[in-house]
Amino acid sequence: PPEDPEVKIAREAHEEMLKSGLKLITDPALVQRVTTIGNKLAAIVNKTPIPATYGKENRIAFEYRFFVVDDPDVNAFALPAGYIYVNKGLLKYVQSDDELAGVLGHEVIHAAHHHVLRLQKEQERMNTQLALGAIAAILARVPAADTGNLVTGLQLVALQKVNGYSQMAERDADMAGLELSRLAGYNPVGALTFMERLARDQRTRPDIDLGIF
């Protein structure tokens, strides 16, 4: 059978990141901690539908893969189809398995609810609308300077829309991730204590690189 498009995207992106210098940690203790919690979350999300407010409900069972990245930043990210990456800096920062489960649950939902695929489609639609707007302006014989202003305006509108979609994806990952961690047996309050500490440190310790957070 043909390879799932999301699996293909993730596999190729993973291989490209490794070629570009992404360093993975193989320390058994660190890797086991992440995979143990991650596999519990994956087992739930692969068999239990969790409503999606963005993307699509998790109806496809992926083979989730968890990687520890040799990077001191407090960060984690997900590729489509269940490729989940956690920085070493984040593992040092979390204070409990409940907090780590909250972060991993958030990233698992990004994959399970097909957020990247949805964002790609929205981006493609924005690019199409941008091109159509520019063509329409040219056909209407708008002066060249005004055409440039129009294109710039359209780009700003497109960017705002994509950022809006991204925020919708993050909200979905937050809420569904909390439910996922609860179903897997972890205390969802861990996600709250983690984010509260991030917010506090962002104000009082600007020297800490909190990555996307």
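Are F67 and Y83 buried or exposed? F67 is buried, and Y83 is buried too; buried stands for under 20% relative accessible area, exposed for over 50% and partly exposed for what falls in between (1.4 Å probe, protein chains only).

## Basis of the model

This is a predicted model, in which local features need pLDDT of at least 70 and side-chain atom pairs count only at pLDDT 80 or more, while totals for chains, interfaces and linings use all residues. Residues are numbered from 1 along each chain as its sequence is written, and side-chain values use heavy atoms, with hydrogens and water left out.

## Overall fold

The protein chain has 7 helices and 3 strands, taken as DSSP runs numbered from the N terminus (helices H or I, at least four residues; strands E, at least two). Their order from the N terminus is α-α-β-β-β-α-α-α-α-α.

Of the 213 residues in the protein chain, 38% count as buried. Among contacts (heavy atoms within 4.5 Å) with a separation of 6 or more, 69% come from residues 24 or more positions apart.

## Aromatic pairs

The whole structure holds 5 aromatic pairs. Rings of Phe, Tyr and Trp (its six-membered ring) pair if their centres lie within 6.5 Å; planes under 30 degrees apart are stacked, over 60 edge-to-face and the rest tilted. F67 and Y83 are stacked, at 6.2 Å centre to centre and 20 degrees between the planes. This pair links strand β1 (residues 65-69), which holds F67, to strand β3 (residues 83-87), which holds Y83, across 16 residues.

F67 also stacks with Y85, at 5.1 Å centre to centre and 20 degrees between the planes. Here F67 in strand β1 and Y85 in strand β3 are 18 residues apart, and both are buried. Ring pairs join F67, F77, Y83 and Y85 into a cluster.

## Salt bridges

A search of the whole structure gives 10 salt bridges, each a side-chain nitrogen of Lys or Arg within 4 Å of a carboxyl oxygen of Asp or Glu. One of them joins E99 and R197 at 2.7 Å, N to O. E99 lies in helix α4 (residues 97-112) and R197 in helix α7 (residues 189-204), so the pair ties together parts that are 98 residues apart in sequence. E99 and R197 are both buried. Salt bridges with shared partners connect E3, R11 and E15 in one network.

E57 pairs with R59, their closest N and O atoms being 2.7 Å apart. E57 is partly exposed at 28% relative accessibility, whereas R59 is exposed at 65%.
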